[in-house]
Amino acid sequence: MTSQTITAEAAGTWKLGDLTVNRLGFGAMRLTGSAAFHLGTPSDRERSLAVLRKAVELGVNHIDTAAFYFSALRSANELINSALAPYPDDLVIVAKVGPYRDYAGDWATSARPDQLRAHVEENLRQLGRDHLDVVNLRRMRQDSIAEHFGALADLREAGLIRHLGISGVEPRHLAEAQAIAPVVCVQNRYALDRPDPEGDELLRLCGESGIAFVPFFAVAGNGGERGVTDTHDDAVLAVARAHGVSPAQVRIAWSLHQGAHVLAIPGTGNPEHLVDNVAAGGLRLTSEELARLGALHRP
């Protein structure tokens, strides 16, 4: 693979409602530092701005972000605004609401339904927009999401939000949300080496309904918020060697191979890693390789 010649278009496209995006997108969480939130050291601002501009140059037109993505010195939304505004017409920015961090960066009580408008407006302010293309409700342990999702549906009717999604949910929550308003995406933790029957069911349900399934931490694996795992199964390493790519690229490619409705949002603050991540959208795995890798996910 020659990463330098491969753009996000190689992964194909999907629709978030009426918005067409390349299936290889970008997650903004890692823009702010060496690890997410307050877990690492803040990033070099110019480098982060360069990563965002390079992503768009490589055809990325789907960026995932949130107002609570910030470190001691950096805000993902501010970086996106500074790097990309005025925004390209085809750029889809997906925000999420629900979790809340105070000014010190400490996690505080999650938003009540009546507080979600303020969370949406804060994303609008930081991004410099008058509406959000997609907003995901991130479930925070509540048994029912109906009241929270209903509040976002009202904001959609008011014109502040174009489309709605949900995150961190179980299959029953998808049905609950669909009974209230259309759902265009489901964003859950889902990875190659993380057996997840519930996630597999959501993946199937989304495919049947034409809903995008957007895995997060697909590259980081067990590293989660702290970054990419450095532990890889022999099967991942073997496939990487066969294609002359990195294990991270194999993880991204495996995710995309799980269905035409799967979108990848790998994040990085490193320009070289960005190029490799985008190039993974052009990696085609054989049926034998998929079977070998699938044994890690569905033992």
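## Buried aromatic rings

A residue counts as buried when its relative accessible area is under 20%. In this predicted model, both F37 and Y69 are buried. For F37 the relative accessible area is 8%, so this residue falls below the 20% cut-off.

## F37 and its ring partners

Seven aromatic pairs are counted here. In one of them, the ring centres of F37 and Y69 are 6.2 Å apart and the planes stand at 55 degrees, so this pair is tilted. F37 sits in the loop between β3 (26-27) and α1 (45-57), and Y69 in the loop between β4 (62-64) and α2 (76-84), so their pairing ties together parts 32 residues apart in sequence.

F37 also pairs with W107: the centres lie 5.0 Å apart with the planes at 85 degrees, so this pair is edge-to-face. W107 is in the loop between β5 (92-97) and α3, and the pair links parts of the chain 70 residues apart. While F37 is buried, W107 is partly exposed, at 42% relative accessibility. Ring pairs join F37, Y69 and W107 with F68 in a cluster.

## Arginines over rings

Two arginines are worth a look too. R101 lies over the face of F70, 3.9 Å from the ring centre, and R129 lies over the face of Y87, at 5.1 Å from the ring centre.

## N123 in helix α3

N123 belongs to helix α3 (residues 116-127). Its relative accessible area is 1%, so N123 is buried. The side chain of N123 makes a polar contact of 3.0 Å with the side chain of N77. Beyond its neighbours within four places in sequence, N123 is in contact with residues including A66, A67, V97 and L132.

Methods: Residues numbered from 1 in each chain as written. Predicted model: local features only at pLDDT ≥ 70, side-chain atom pairs only at ≥ 80, totals over all residues. Heavy atoms only, no water. Helix = DSSP H or I, 4+ residues; strand = E, 2+ residues; numbered from the N terminus. Buried < 20%, exposed > 50% of the residue type's maximum accessible area, 1.4 Å probe, protein only. Polar contact = N/O pair within 3.5 Å; in protein donor to acceptor, adjacent residues only side chain to side chain. Contact = heavy atoms within 4.5 Å. Phe/Tyr/Trp six-rings, centres within 6.5 Å; stacked < 30°, edge-to-face > 60°. Lys NZ or Arg CZ within 6 Å of the ring centre and 35° of its normal.
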